[in-house]
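Subject: Handover of a structure and notes on its contents

Dear colleague,

Please find below the structure that I am handing over to you. My notes on what was found in it follow directly after.

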Amino acid sequence: MSDKRHKRKLIKKKLFTKNRLVILNEDSFEEIFSLKLTLMNVFVVASIGAVLIITITTYIIAFTPLREYIPGYASNKLKKDATELALKSDSLAFALQKNETYIASIKKVLIGDLDYAKLNKDSILASKVESIPTAELQPSKSDLKLREEVDEEDKYNLFEKAQSKSSIVLFAPVKGSITEKFSLKQKHFAVDIALAKNTPIKAILNGNIIFSDWTPSTGNVIIMRHANGFISVYKHAASLTKSQGDVVKTGEVIALAGSTGQESTGIHLHFELWKDGYPIDPTQFIEFE
């Protein structure tokens, strides 16, 4: 026990023994600066300095822009740019997916690879229909009387009967003889019109060109998108006078008739008309002959 006490006293004496730090002039040995120190004071000062350095460094890294100059830390601008690029890439991926789907549908129109039975928009099963008693569906006496009055008035309403059933008038792309009619059973979703070579093919309605190029099976093809959900397709042209993205007016020449493509059997126009994704008979709207 005495040895331990002796060692403790020696350590305590060393820690608290006052020493003098003196700075002398080398030539004259004149005292320039002196400072009384103990080992304990040096240890305390060194510890406080280390804590201050650690605290200041932590504050700089956590709360000041100076951390951007420390290797391994990204700048705020870099993080912001990365976030914006990530959002833009997601938007571009979504837009690309939509464009690819649209282009795939256009390709089906070009090659005629369509199944009309699958063109039905109703992909959701109809809910169960509850039966209604037939007694509730019978018109009352007042309803019958009103219907008779309306029927009598309509007999002499000549102007109403003279109105056209269609509110849209389409310009004929060409005038000629129809060699093959529109047929859903035979999956011929178009009319073929025999023409002389280089006969001008005209736009049926105002719109913009969404496709204008050559295809192996149908030759030179132009596809136009119009208002009210109409799309018109012109195939087997000898040459095209409009490019993709052009805005075209009704009756403007967009191509010249020819017989291009592997499926062509002679100089003619293969004309298709689509409405809201469904093929329709063009002769319902256009007089070709």
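Which residues gather in a patch of positive charge on the surface? The patch is formed by Lys 4, Arg 5, Lys 7, Arg 8 and Lys 9. Please note that this is a predicted model.

At least two of its residues are supplied by each of two strands, E1 (19–24) and E2 (31–37). Strand E2 gives the largest share, with 3 residues. Leu 21 is located in strand E1. The relative accessible area of Leu 21 is 43%, and this residue is therefore classed as partly exposed.

I turn next to the pairs of opposite charge. As a general point, side chains of opposite charge can pair when their charged atoms come close. How many salt bridges does the structure hold? There are 3 salt bridges in the structure.

One of them joins the side chains of Lys 235 and Glu 272, with a distance of 3.0 Å from N to O. This pair links distant parts of the chain, since Lys 235 sits in strand E8 (residues 230–240) and Glu 272 in strand E11 (residues 268–275), 37 residues apart. Are Lys 235 and Glu 272 buried or exposed? Lys 235 and Glu 272 are both buried.

Another salt bridge is formed by Lys 242 and Glu 252, and their closest N and O atoms are 2.6 Å apart. Lys 242 is in the loop between E8 and strand E9 (247–248), while Glu 252 is in the loop between E9 and strand E10 (253–257), so this pair ties together parts that lie 10 residues apart in sequence. Lys 242 has a relative accessible area of 18% and is buried, because the limit for that class is under 20%. Glu 252, with a relative accessible area of 26%, is partly exposed.

A further salt bridge brings together the side chains of Lys 275 and Asp 276, at 2.8 Å from N to O. Lys 275 is partly exposed, its relative accessible area being 25%. Asp 276 also counts as partly exposed, at 38% relative accessibility.

Two other residues deserve a mention here. Asn 220 is placed in strand E7 (residues 219–226). With a relative accessibility of 13%, Asn 220 counts as buried. What does the side chain of Asn 220 reach at 3.0 Å? The side chain of Asn 220 reaches the backbone oxygen of Ala 238 at that distance of 3.0 Å.

The other residue is Asp 213, which is found in strand E6 (residues 207–215). Asp 213 is partly exposed, and its relative accessible area is 44%. In sequence, Asp 213 and Ile 223 are 10 residues apart, and in space their C-alpha atoms are separated by 9.3 Å.

With kind regards

Key
Residues numbered from 1 in each chain as written. Predicted model: local features only at pLDDT ≥ 70, side-chain atom pairs only at ≥ 80, totals over all residues. Heavy atoms only, no water. Salt bridge = Lys/Arg side-chain N within 4 Å of Asp/Glu carboxyl O. Helix = DSSP H or I, 4+ residues; strand = E, 2+ residues; numbered from the N terminus. Buried < 20%, exposed > 50% of the residue type's maximum accessible area, 1.4 Å probe, protein only. Patch = residues over 30% accessible without salt bridge, like charges linked within 9 Å, V, L, I, M, F, W, Y side chains within 5 Å. Areas by Shrake-Rupley, 256 points an atom, 1.4 Å probe, with all protein chains shown as cover. Lys, Arg positive; Asp, Glu negative; His and termini not counted. Charge placed at Lys NZ, Arg CZ, Asp CG, Glu CD. Polar contact = N/O pair within 3.5 Å; in protein donor to acceptor, adjacent residues only side chain to side chain.
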